[in-house]
Amino acid sequence: MELSPLAREKLAKIGELSSEERQKLRSSEELTSLLADYFTDKLSADGLWLKLKRFKEDGRDSMIRETQLRLVSAMSLGSSNADFERCRSGILGCEMLKEQNNYAELEHSLSLLENLRQQYQQEKELAFNSIKGEIQKQVETAARQIARQAGNRGVSIDVQGSVEASVRSSPQWRDFLVKHEKIFGQKFDDCLAKIKKLI
């Protein structure tokens with residue numbers, strides 16, 4: 001990749017990295033690669049734990065906390081169950097490597113976070129299905145009218161597809177999503193902040 005003249009000028013002003021900065025950069029890249037393998041199932045939770053144990057044995061304890069922080073940052077309300085569990089397992093596995101750990105508190109906080117995530121999904125599904133029920137009646141009535149007007153000449157209407165699309169584009173659904181995301185997003189962020197303090 002070709003750097004712009006401005007980027008080259010900024011790099012020249014920065015100068016050479018210190019040995020400590022180079023080590024931090026190497027460690028960061030190493031951790032990024034390690035977590036990429038973990039998230040793509042090339043490395044199991046046990047495998048991650050073993051790699052981090054080696055870092056600890058090499059005197060690189062900071063890598064354990066950094067791994068936990070990155071795993072916490074990877075969590076979201078919309079995470080799949082598998083991704084959430086992968087983050088949870090990694091965070092708790094890291095905690096076991098610490099001399100003084102907060103395993104029980106951390107496990108409890110992660111359980112609260114999972115409960116919040118499930119509540120978020122359930123309420124979202126309930127609202128979607130409620131709006132869908134209302135819209136379905138309207139679409140079915142419209143489909144019957146179109147079929148009558150066409151004189152039953154083989155007119156085919158995808159009622160389910162129309163209902164799904166109508167729900168997703170309805171102002172009622174969009175308003176719900178905005179409020180829902182705001183409320184649960186704040187609760188989720190607060191919970192993540194508590195978890196980061198435990199780490």
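Visitor: Does Lys132 count as buried or exposed, and at what relative accessibility?

Guide: Buried means under 20% relative accessible area, exposed over 50%, and partly exposed in between, with a 1.4 Å probe and protein chains only. At 17% relative accessibility, Lys132 counts as buried. This is a predicted model, in which local features need pLDDT of at least 70 and side-chain atom pairs count only at pLDDT 80 or more, while totals for chains, interfaces and linings use all residues. Residues are numbered from 1 along each chain as its sequence is written, and side-chain values use heavy atoms, leaving out hydrogens and water.

Visitor: With which residue does Lys132 form a salt bridge?

Guide: Side chains of opposite charge can pair when their charged atoms come close. A salt bridge is a side-chain nitrogen of Lys or Arg within 4 Å of a carboxyl oxygen of Asp or Glu. Lys132 pairs in this way with Glu164, with 3.0 Å between the closest N and O atoms. The pair links distant parts of the chain, 32 residues apart: Lys132 in helix α6 and Glu164 in helix α7 (residues 159-169). Helices (H or I, at least four residues) are DSSP runs, numbered from the N terminus. Glu164 is partly exposed, at 27% relative accessible area.

Visitor: Which Arg forms a salt bridge with Glu164?

Guide: Arg168 does, its closest N and O atoms to Glu164 being 3.7 Å apart. Both residues lie in helix α7, four residues apart, about one turn of the helix.

Visitor: How many salt bridges does the structure hold?

Guide: The structure holds twelve. Asp41, Asp83 and Arg86 are linked in a network of salt bridges.

Notes: Helix = DSSP H or I, 4+ residues; strand = E, 2+ residues; numbered from the N terminus.
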